[in-house]
Amino acid sequence: MNALRSPASQLPLLLAFQLGVALIRPGDGVRFSLYFGLLLLLGYLGRGSWGWILRACWILPLTLCGLPMLFTTPGPGLGQLGSWTVTQPGLEKFLAFQARAWLSLAASLWLLGQHPARQLLGAFQALKLPWLFTALVSMMLSYVEVLGQEFRRMQVARAARSAASRAPSWRWQVETVGHQAGTLMLRSQLRAQRVHEAMVSRGYRGGPLPEDPPPGPCWWLVLPLGVLLIGLSQWP
Amino acid sequence: MFLALHMPDGFLPPQLSLLGWLAALLPISWAFFVTQRIEDQQFIPRMAMLAAFVFVAQMFQFPVPGGSSAHLQGSALAAIALGAWPAVVVVTCVVAVQGLILGEGGLLVMGWNLFNMAVAGVLVGSSLYHWAIQRGYRWQSAALAASWASMQFSSLFACLELAVGGTSPLTLTLPALGLTQALVGLGEGLATVGALSVLRSQGPLEVRSSGWGWAILMWLTGLSLLPPQLYGQSPVPGLGPWPVLTMTLGVAFLFVLTLSLSHRLWWSRERPS
């Protein structure tokens, strides 16, 4: 079981889960419940908080874009909504669409809740993704952190300057935001140069970052489990 | 508040999602191959810095009825600042991190998300920018129009995918996403011009244009003309090649209009000496 706790093993299983969910036929409520049960089991085994279940619900308003399929899918009518007829296959398709979107997102969020971003980066390396990808992503995440710190510092300075009895004018705010964005870009560029100089001084000569890749996924467990996760949507 | 940034899983049928991976993987693999051969040591940190900036820029978003959200994209900025193929790598990293680490955008449909933003957005932005520059337009006009057009093409492809996948008809997505992206695209264009002027203040941008841009643009347009029957059942009655061709031409016309308006905005035209 410990072999399955590594993100390198869990990432391919997540893909298999999502592929399985995507392959469930509309109207097959039993199988949707089965995958939902699997997700609850994962949540129990993960022993973390259950906040990901609520976070995944934010997808539901977006799935309302699928409403037209209630009326455009041909089939026997269930009822009238104004001048449009809701069809039975349309309703099944729409509900399946909502369930798929929710289950896939909830599974992703569960995985993200289990591991910090750095561990997931290690998983990319273990899965033999190109070195340029892992190097770029790792540097990018560091820069995002730096950008965030710089931005917060600039926000404090901006609030201090506009601490008048009445709110500053709209034009002043727009100008300040524009200057902030430009300064942020300039500072992050300078920071990138400094980071690069530091890397060169420690022996970096381009190419992959000299880090030991973490152990790869436990394929002899991941492959059969992945096939099972996809197959659950089709059997019998 | 958490809100899906790109298309989440379940929006497209699995066959169509896998087709998206096929369409995206070929140009992305080529982009990685080309970029890994660049010997400039400072290039990777510069790419990472731009990736971070694009990553943050894409977080500013507006939900749109029709199954997606309008947001700043940064594809054209990366394409102009770094060149077409490195920019494909940069936007790929950004979209992949959003999907894999933040759970924004699905994994199965990531192929199409990558295709829309990292391939179509970047290559359209890059080729149109260089086309305008070669004809003597000021870089500000060219950058504004290229950013706007790259967003339009990306959203056009997203609308087509949602229609072909049977999720949302074009009659709903095109006005909703297209109009919002047209407005956000103007903001994106101005942000791109601002960011480029900051980058240019540090030194001239090295142009790494790709002569393949137009060829790939043609390929992308050709792909959009494929009859929907090839992908599965379409909910839009009578959606064949012609309406799609009309829409593509419409976007091209709007691009020319934007280029001409933005050119008038800066008025003068730089002629090569």
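1. Helices in this note are DSSP runs of H or I with at least four residues, numbered from the N terminus. On that basis, A:Cys57 belongs to the loop that lies between helix H3 (51-56) and helix H4 (59-63) of chain A. The model under review is predicted. A:Cys57 has a relative accessibility of 31% and is therefore classed as partly exposed, since buried requires under 20% and exposed requires over 50%. Between A:Cys57 and A:Thr183 there are 126 residues of separation in sequence, and their C-alpha atoms are 37 Å apart in space.

2. Chain B as a whole. Nine helices and two strands make up the secondary structure of chain B, and their order along the sequence is α-α-β-β-α-α-α-α-α-α-α. The chain has 273 residues, of which 63% count as buried. When contacts in chain B between residues at least 6 apart in sequence are considered, 81% of them join residues at least 24 apart.

3. The nonpolar cores. The largest core comprises 124 residues, and the residues with the most contacts inside it come from chains A and B: A:Leu39, A:Leu136, B:Val89, B:Leu100 and B:Leu196. The element that gives the most to this core is helix H5 (residues 110-134) of chain B, with 14 residues. Another core, of six residues, lies apart from it; among its members are B:Cys159, B:Leu160, B:Ala163 and B:Leu177.

4. B:Leu100 in its surroundings. With residues up to four places away in sequence not counted, B:Leu100 touches A:Leu11, A:Leu112, A:Leu120 and A:Phe124 of chain A, and B:Leu107 and B:Met110 of chain B.

5. Helix H7 of chain A. Just after H7(A), the residue A:Lys128 takes a positive phi of about 65°.

6. H7(A) against H8(A). Helix H7 (residues 117-126) and helix H8 (residues 131-161) of chain A pack with their axes 9 Å apart and at an angle of about 170°. Because angles over 145 degrees count as roughly antiparallel, H7(A) is described as roughly antiparallel to H8(A). From H7(A), the contact draws on A:Ala117, A:Arg118, A:Leu121, A:Phe124 and A:Gln125, and from H8(A) on A:Phe133, A:Thr134, A:Val137, A:Ser138, A:Leu141 and A:Ser142. By class, the residues of this contact are six nonpolar, four polar and one charged.

7. H1(A) against H7(A). For this pair, the axes are 8 Å apart and the packing angle is about 80°. Because 65 to 115 degrees counts as roughly perpendicular, H1(A) is described as roughly perpendicular to H7(A). The residues in contact are A:Pro7, A:Ala8 and A:Leu11 of H1(A) and A:Gln119, A:Leu120, A:Ala123, A:Phe124 and A:Ala126 of H7(A). This contact has seven nonpolar residues, one polar residue and no charged residues.

8. A:Gln18. This residue lies in helix H1 (residues 7-23) of chain A. Is A:Gln18 buried or exposed? Its relative accessible area is 1%, so A:Gln18 is buried. Beyond its neighbours within four places in sequence, A:Gln18 is in contact with A:Ser104 and A:Ser108 of chain A, and with B:Asp9, B:Leu107 and B:Leu108 of chain B.

9. B:Asn113. Helix H5 of chain B contains B:Asn113. A relative accessibility of 3% is why B:Asn113 counts as buried. Leaving out residues up to four places away in sequence, B:Asn113 touches B:His6, B:Met7, B:Val95, B:Gly105, B:Gly106 and B:Ala118.

10. A:Ala99. The place of A:Ala99 is in helix H6 of chain A. With a relative accessibility of 22%, A:Ala99 counts as partly exposed, because the limit for buried is under 20%. A:Ala99 and A:Phe36 are 63 residues apart along the chain, and a distance of 9.2 Å separates their C-alpha atoms.

Note on methods
Residues are numbered from 1 along each chain as its sequence is written. Chains are lettered from A and ligands numbered from 1 in the order in which they are written. This is a predicted model: local features need pLDDT of at least 70, side-chain atom pairs count only at pLDDT 80 or more; totals for chains, interfaces and linings use all residues. Side-chain values use heavy atoms; hydrogens and water are left out. Buried means under 20% relative accessible area, exposed over 50%, partly exposed in between (1.4 Å probe, protein chains only). Contact means heavy atoms within 4.5 Å. Axes are lines fitted to C-alpha atoms, for helices over the stretch in contact, and angles run from 0 to 180 degrees between N-to-C directions. Angles under 35 degrees count as roughly parallel, over 145 as roughly antiparallel, 65 to 115 as roughly perpendicular and the rest as oblique. Ala, Val, Leu, Ile, Met, Phe, Trp, Tyr, Cys and Pro count as nonpolar, Asp, Glu, Lys and Arg as charged, and the others, Gly among them, as polar. A nonpolar core is a set of buried Ala, Val, Leu, Ile, Met, Phe, Trp, Tyr and Cys residues joined through side-chain atoms within 4.5 Å.
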